[in-house]
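Please keep the sequence and the structure in view while reading.

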Amino acid sequence: KDSDHQAPVKVCVDTSEWEDVSDTARWPFTDGHNPSVMSLAANPALLLKDDEKEKSSVADRVRLNPESVAPIADLYGGQSKLEHMYIGLSVMGNGQCSWKMSAEKIEEYNFSTLKEAPTKRSMILILDKSLEKIGQTTIFLELDAKFGTRRGSLNAKPLSDGSGYERSIVELDDIRLFFYKGAIWVLYRNGPKFGYEDQLQNRLHFESITQDNGSKSFGAYIKASETVKVCCGRNMALISEDPISGDDTLKALTWVDPVTVAEVDLSMLPANTASNTAQKLRRLTEYQSNDQGHMKNDDSGQHVTEQNRRRLGAIKSHIHGTNGYMIPLHSTGELLGIAHFHRPEKRDTSDYALHGHHYTHALFTIGKKESDSDGYELKRISNEFLFRSIFSPTEEIDGDIIQFASGLDLVGSDKHGKLLISYGINDCEGAAFFLDMQVVQDLLLDIGDANEVVDLMEIANK
């Protein structure tokens, strides 16, 4: 309902650096799609005026160390200002703004006439308290080690004067934000260089930049030497804090159905070299629902993560995770995520889209098993829903053909705070809005005697 949430705000990128549309009156190729927006507060649970008892239970938890974003704070008025600001990601690439649109319609609506994206990059966005963009920068890759495991990988490139390493723009597909050890990290894929089953993680680094004319800005980059590879799943989400114990061992929710959680091996990160940048993560051929990923050495003696896969041939739903960071719910000890279905489930190219279309979403929570303190299980899940299209006239409520909830965050407590949802629209643009947590809690339903999502699926009445 309109009363339960703030109207969505479009999350747009200034594309003038690589695409000049000023003389054509046409729209950019895309506005940037699948945004992931999160709070820049050190502890966003303390931001809203919630019950003081609720605040006291999380008062000592610091999600974001201010030192890790000091260049951003220096540029925008200090840490006190950042407490009410947001950081976002947006993908620039081959969008579908004019998918299957006739030349006449492209001309009528002033869409771009380009057939391919003028650039493939990921952008950092800085948003004010109203989610309006006030700054942006491109994420660069610092080639201080080999980047990639396949043909076409990039080798380390020291600068000729020995002062550092070359940086370049690289495609970071399905990129999303998460937090770990007080820093901001990114989760993404790069199929051409690492394959399409693996997801990659890197810490984001920020720096202050002074231009020749004296103006100041900020930069963002990741280091090839800090690349962590996790296999195998679909749109994984990271768990960096246990809402009960506060344990900060990094884990990955690799599948929602059945719930599959594996510990992420970071043991070699400080000494990462070209040979271990893309760690060989061995895969089991079967998933057993009571097993978790564990650590062992491979044949070369290298420390790797052995991760279980979903049980082959098992009955399972076609639910897939979307957000990159599982939100701790301290009042219940659960972790909150959002996932999606394709309707229909096939991802074949069609008149609607290049891949999947007619998405529906569902909120869900997982938590520790009562019988196994190391295992996780599904706890609650909502019914499927759509986001109301921001282009729908009041009298005709509708959704969009493609909606992808790539960002999820919590501002305030998990009882009286607000859930921040950011999502992509038609692989063309993005938006973000706040939803009251009381509404979220009402949407989440206990799964009862069920074990997994597939146990809850029912054929809809026509």
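Strands β24 and β25 form a hairpin with three residues between them, and Asn-426 in the turn has a positive phi of about 55°. Strands here are DSSP runs of E with at least two residues, numbered from the N terminus. The model is predicted: local features need pLDDT of at least 70 and side-chain atom pairs count only at pLDDT 80 or more, while totals for chains, interfaces and linings use all residues. Residues are numbered from 1 along each chain as its sequence is written, and side-chain values use heavy atoms, with hydrogens and water left out.

**Strand β24 and its partners**

- Strand β24 covers residues 418-425, and seven of its eight residues are buried, so the strand is largely enclosed by the rest of the structure. Buried means under 20% relative accessible area, with a 1.4 Å probe and protein chains only.
- Strands β24 and β25 (residues 429-436) run antiparallel and are joined by eight bridges; two strands count as paired if DSSP finds at least two bridges between them.
- Within this pair, Lys-418 stands opposite Asp-436 of β25.
- Strand β23 (residues 403-411) is also antiparallel to β24, again with eight bridges.
- Ala-405 has Tyr-423 in β24 as its bridge partner.
- The hairpin of β23 and β24 has six residues between the strands, and Gly-412 takes a positive phi near 95° there.

**A three-stranded open sheet**

- An open sheet has the strand order β13-β14-β15, with antiparallel pairing.
- Strands β13 (237-239) and β15 (260-263) stand at the edges with a single partner strand each, so one side of each is left without a neighbour in the sheet.
- The twist averages 35° from one strand to the next, where axes are lines fitted to C-alpha atoms and angles run from 0 to 180 degrees between N-to-C directions.
- Three bridges connect β13 with β14 (residues 251-255), and Ile-239 has Lys-251 in β14 as its bridge partner.

**Nonpolar cores**

- The largest nonpolar core has 70 residues, of which Ile-184 and Leu-204 touch the most other members. Such a core is a set of buried Ala, Val, Leu, Ile, Met, Phe, Trp, Tyr and Cys residues joined through side-chain atoms within 4.5 Å.
- Strand β8 (residues 183-189) contributes the largest share of this core, six residues.
- Leaving aside neighbours within four places in sequence, Ile-184 is in contact (heavy atoms within 4.5 Å) with residues including Leu-40, Phe-179 and Leu-204.
- A second, separate core of 20 residues includes Ile-239, Val-259, Val-261 and Met-326.

Notes:
Buried < 20%, exposed > 50% of the residue type's maximum accessible area, 1.4 Å probe, protein only. Helix = DSSP H or I, 4+ residues; strand = E, 2+ residues; numbered from the N terminus.
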